[in-house]
Amino acid sequence: MNALLSVSDKTGIVELAQALHAQGIKLLSTGGTAKLLAEHGLPVTEVAEMTGFPEMLDGRVKTLHPRVHGGLLARRDVPAHMAALAEHQIDTIDVLVVNLYPFEATVAKAGCTLEDAIENIDIGGPAMVRSAAKNWKDVAVLTDASQYATVIAELKADGKVSDKTKFALSVAAFNRISQYDGAISDYLSAVQIGESVPAGDQTPTLDLFAGQSNGRFIKVQDLRYGENSHQQAALYRDLYPAPGSLVTAKQLQGKELSYNNIADADAAWECVKSFTGTGAAGDLSQVAACVIVKHANPCGVAVGANALESYSKAFQTDPTSAFGGIIALNCELDEAAAQQIAKQFVEVLMAPSFTAAALEVFKTKVNVRILQIDLPKGGTSDWDNGRNAIDMKRIGSGILLQTADNHELALSDLKVVTTKQPTAEEMNDLLFAWKVAKYVKSNAIVFCKGGMTMGVGAGQMSRLDSARIASIKAGHANLSLAGTVVASDAFFPFRDGLDVVVDHGATCIIQPGGSMRDQEVIDAANERRVSMVFSGVRHFRH
């Protein structure tokens with residue numbers, strides 16, 4: 001048996017080669033990989049020696065040869081194939097170990113030039129991988145170091161790699177080639193070409209939306225059903241999921257997550273993350289925050305000194321909707337908070353950590369799905385902060401792509417447009433309300449006070465109806481809206497919306513502004529002796 005090893009990522013390659021050699025498998029290799037194996041005392045034959053041709057064109061041509069591809073593609077069960085190998089003195093290659101030039105990592109680096117990108121497009125590697133993967137019954141093709149242990153174990157136990165494993169390796173190989181080609185296509189079709197193609201030593205300007213979009217997602221699991229029981233569904237993740245995103249969660253207990261659980265849990269987690277590390281709303285950068293979501297909308301959001309306080313305040317907003325809801329916290333869940341949460345029916349509970357005593361509280365509630373998700377550590381990019389850079393929405397025979405709504409509002413961004421000025425406390429609540437409104441379906445109206453939601457109106461065709469619903473919910477929860485602030489995700493087109501929220505007790509409003517009737521609404525606010533600020537940005541969420 002012969003194995004050809006040619007890898008850019010040398011992780012685990014020496015140990016694999018040693019195991020192959022111990023099974024009596026002859027080692028073939030190229031360039032740096034061959035040198036590394038020889039340095040560890042392994043007998044290795046250079047591919048150039050096998051083919052009779054040296055590496056050419058600065059390494060661009062080394063494995064594109066009939067002695068390589070013939071050895072990979074020949075079917076051992078076809079006599080004519082084996083006769084052709086014998087006639088041309090070509091040995092079979094039974095194990096191929098290849099990982100490709102690091103194209104994705106190269107183009108992800110700041111200042112990557114077009115020449116760097118082009119030179120990191122692998123040619124021979126994908127060609128060999130495709131040959132081996134096509135002939136999977138006879139060739140085991142390894143494209144990732146995580147596969148080495150399984151192959152080593154099977155070789156030691158049985159002296160061969162099982163058909164089941166070889167087929168799985170083949171599928172993984174074709175998937176890897178698809179991902180690789182997709183990354184190349186995405187990058188090159190984003191390169192802006194003006195009068196001429198950018199010089200190779202220049203960092204090209206890239207279109208935010210490339211000429212072709214190649215989705216690269218990995219299936220995490222099949223789901224019992226979709227949004228409704230007659231629909232089928234599965235969960236996929238990004239090829240490289242961002243730290244602190246829902247798909248990185250570890251489920252500690254509970255039933256399998258459903259489609260709706262996942263969608264609602266993502267809404268809750270994205271909202272609660274926004275209260276961590278931003279410093280918005282005064283200084284909310286390290287406060288405990290709790291978000292309760294029902295049907296993709298926050299029905300209660302609050303900040304407090306700890307998990308118990310933030311949960312208790314969030315629950316007060318709408319206890320009825322909180323029944324069977326999704327709860328997310330941005331702080332450790334301790335026993336005191338766990339005991340309080342356990343009193344309600346909860347579908348999913350999420351936090352960055354749980355005390356042992358808190359987990360003990362839920363041991364008898366075996367159906368509660370408990371997810372532990374690390375908060376993102378933060379950085380300069382959306383990915384570092386656990387956020388999507390691009391959002392996607394499926395439409396009939398197409399998709400809509402847009403940059404994600406990652407806008408963060410600061411106190412300095414606010415423009416007071418009324419005679420009456422908001423107090424410092426109101427300013428903090430305005431930013432809090434604005435942050436919540438971003439995660440409420442449009443049309444969104446959010447009443448807040450003291451770092452908690454007091455009434456949420458979501459998803460209505462009329463902003464007036466959203467305002468009325470928010471006040472009705474506050475009434476049902478026995479919460480007074482007197483002295484509250486209100487956030488509207490988009491501008492008030494007429495003064496009637498402002499009048500409704502003021503009639504119910506609001507003393508301060510935040511809205512984007514930008515309507516042709518802004519002055520009419522400002523005049524109404526002055527007439528009603530309330531303060532109003534413009535954010536200059538809206539947060540539609542459909």
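A: Rings of Phe, Tyr and Trp (its six-membered ring) pair if their centres lie within 6.5 Å; planes under 30 degrees apart are stacked, over 60 edge-to-face, the rest tilted. This is a predicted model: local features need pLDDT of at least 70, side-chain atom pairs count only at pLDDT 80 or more, and totals for chains, interfaces and linings use all residues. Residues are numbered from 1 along each chain as its sequence is written, and side-chain values use heavy atoms, leaving out hydrogens and water.

Q: How many aromatic pairs does that rule give?
A: The count is 6. Take phenylalanine 103 and tyrosine 180: the ring centres are 6.4 Å apart and the planes at 70°, so this pair is edge-to-face. Phenylalanine 103 lies in helix H6 (residues 103–108) and tyrosine 180 in helix H10 (residues 163–188), so the pair ties together parts 77 residues apart in sequence. Helices here are DSSP runs (H or I, at least four residues), strands likewise (E, at least two), numbered from the N terminus.

Q: Which aromatic cluster includes Phe103?
A: Phe103, Tyr180 and Tyr187 form one cluster. Phenylalanine 103 also pairs edge-to-face with tyrosine 187, at 5.8 Å centre to centre and 80° between the planes.

Q: Is tyrosine 187 buried or exposed?
A: Buried means under 20% relative accessible area, exposed over 50%, partly exposed in between (1.4 Å probe, protein chains only). Tyrosine 187 is buried, at 7%. Phenylalanine 103 is buried at 0%, and tyrosine 180 is buried at 0%.

Q: Which residues of helix H2 are buried?
A: In H2 (residues 31–39), Thr33, Ala34 and Leu37 are buried. On the other side, Lys35 and Glu39 are exposed.
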